[in-house]
Amino acid sequence: MPQKQSLSVLLVEDNETHSHLVQRHLKRAKLSKIEITQAQTLAAAIELASSEPFDAVLLDLSLPDSAISETLSRFIAAVPHLPTVVLTSLDDLDFASELVQQGADDFLVKTDIGSQILLRSIRYAIERKKNKQKLSAYADQLKRSNDELKSFAHTIAHEVRSPLNIVSCCLSLIHEDYAETLDSDSLEAIADANTAIANMTELVTDLLDYSRVEHSGGQFEPIDLQTLMAGVLHLLKSEIEQTSAVVTHDALPTIIGNEVQIRQVLRNLIGNAIKYHDPSRTPQIQIACEHEEQCWRVVVEDNGLGIPSESRQQVFNPFVRVHESTGVAGTGIGLSFCQRIVINHGGKIWVEPNQPHGSRFLFTIAKPQSR
Ligand code: ADP
């Protein structure tokens with residue numbers, strides 16, 4: 001984009017000698033037109049910047065009506081759109097990075113000021129502010145469309161559940177009223193329809209849970225994994241009994257997270273380890289929690305069917321199912337749901353082959369001090 005050949009600059013400086021120097025340098029810069037307006041207090045600067053269309057402001061932090069530590073934040077809070085170059089007497093990088101974090105677009109050490117440096121800094125601040133504004137507009141738009149998408153998925157899932165319930169009730173009524181008069185083909189068709197409805201209901205419930213992950217992500221609290229694990233194993237009691245699975249676990253720590261979500265992850269991973277067992281072996285499932293410097297690493301390993309190497313990343317995508325041919329029921333959402341939850345907790349999840357058979361699912365969860 002071509003550089004603007006005229007600039008209108010607000011100079012906020014109460015020291016006349018400094019002000020004079022800056023104005024002289026600015027006037028010497030090779031521009032067709034330069035307009036400089038001076039303000040000597042923060043209040044006057046805010047008033048001017050709010051009513052006139054300046055290209056940038058050169059802001060001294062030490063002003064009669066504002067403490068050095070407050071000038072920048074007060075100015076930016078009042079006039080967030082104006083590219084701001086801070087004039088400082090301190091040549092200190094830590095101080096400079098603090099200024100940038102507070103929202104300054106550039107800073108200049110007063111003793112270094114010259115025409116070219118001043119001009120470059122103002123132009124840089126103008127470009128930087130434009131980019132910041134573009135980025136923040138893009139982030140807002142992304143957040144809005146994400147929120148819309150989530151609430152859309154949520155609504156659709158709700159809307160689908162209600163007709164499903166009606167169809168299911170109608171089928172039970174038909175079955176109750178006509179069971180004796182219907183032939184075996186019709187009864188089989190009703191049974192098939194009921195299975196399809198059960199699968200669809202499971203899918204809708206999974207989708208609803210999936211769309212809720214970030215909505216409930218705010219409530220992080222200490223979770224005693226030992227107690228949580230006992231609850232998960234109780235929920236899976238009938239699956240464990242039916243398959244004679246042997247589930248063991250180490251002593252587990254207290255972590256910080258959303259209890260409902262972490263329960264879902266463990267339930268899914270242990271539930272899958274049972275579901276995808278190899279019928280020729282007694283399912284052996286071991287849960288461990290390894291201590292890493294920054295995080296805990298939870299490992300769920302089984303001696304089941306395993307996952308071929310080419311599918312180990314894809315199983316975390318929605319609707320990917322690897323063992324469809326075994327006839328084990330499922331929606332293909334569980335692992336993508338786990339991944340969403342783990343990411344929401346600042347961790348990662350992956351799967352490795354177990355030796356000699358089965359899989360090892362691992363996920364990390366940040367320790368409290370590193371969050
Ligand atoms: P679902 O179990 O509903 O199909 P998931 O997202 O939980 O969905 O799992 C995706 C796929 O990953 C499963 O269909 C299965 O093929 C594979 N899988 C998951 N866990 C295991 C496991 N412990 N052992 C072998 N395969 C697994």
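**Close-up views of the ligand site, pockets and cavity**

**View 1. Residues around the ligand.** In this predicted model, the ligand is surrounded by 20 residues, the closest of which are Asn-272, Tyr-276, Arg-321, Thr-331 and Leu-335; a residue counts as near a molecule if one of its heavy atoms lies within 4 Å of it. Since the model is predicted, local features need pLDDT of at least 70 and side-chain atom pairs count only at pLDDT 80 or more, while totals for chains, interfaces and linings use all residues. Residues are numbered from 1 along each chain as its sequence is written, and side-chain values use heavy atoms, with hydrogens and water left out. By class, the shell around the ligand comprises nine nonpolar, eight polar and three charged residues. In this classification Ala, Val, Leu, Ile, Met, Phe, Trp, Tyr, Cys and Pro are nonpolar, Asp, Glu, Lys and Arg are charged, and the others, Gly among them, are polar. Helix H9 (259–275), helix H10 (334–344) and strand E12 (359–366) each contribute at least two residues to the shell, and the largest share, three residues, comes from H9. Helices (H or I, at least four residues) and strands (E, at least two) are DSSP runs numbered from the N terminus.

View 2. An oxygen atom of the ligand lies 2.8 Å from a polar side-chain atom of Asn-272. For His-323, an N or O atom of the side chain is 2.9 Å from a ligand oxygen atom. Leu-335 takes part through its backbone, with a polar atom 2.7 Å from an oxygen atom of the ligand. On its own the ligand has 530 Å² of accessible area, of which the protein covers 98% (Shrake-Rupley method, 1.4 Å probe; for residues, only the protein chains shown count as cover).

**View 3. The largest pocket.** The ligand takes up the space of the largest pocket; a molecule sits in a pocket or cavity if more than half of its atoms lie within 2 Å of its grid points. On a 1 Å grid over the protein atoms alone, a pocket is an open set of points with protein on both sides within 12 Å along at least five of seven lines, a cavity is a set where a 1.4 Å probe fits but cannot get out, and lining residues have an atom within 4 Å of a point. The volume of the largest pocket is about 790 Å³. Its lining has 35 residues, and Asn-268, Asn-272, Lys-275, Tyr-276 and Gly-334 are the closest to its centre. Grid points are joined across faces, edges and corners, and a volume is the space filled by probe spheres set on the points. H9 provides the largest share of this lining, eight residues. The lining has 15 nonpolar, 12 polar and eight charged residues.

**View 4. The second largest pocket.** This pocket holds about 260 Å³ of space. Of its 15 lining residues, Leu-149, Ala-153, Leu-207, Tyr-210 and Ser-211 are the closest to the centre. Helix H5 (115–178) and H6 are the elements that give two or more residues to the lining, and H5 gives the most, with seven. The lining divides into 11 nonpolar, two polar and two charged residues.

**View 5. The cavity.** The structure holds one cavity of 30 Å³ or more. The largest cavity has a volume of about 50 Å³ and is lined by His-18, Leu-21, Val-22, His-25, Lys-110 and Ile-113.

**View 6. Backbone features in two loops.** Gln-355 and Pro-356 are joined by a cis peptide bond, with omega about -5°. Pro-356 is found in the loop between strand E11 (349–353) and E12.

Technical notes: Polar contact = N/O pair within 3.5 Å; in protein donor to acceptor, adjacent residues only side chain to side chain.
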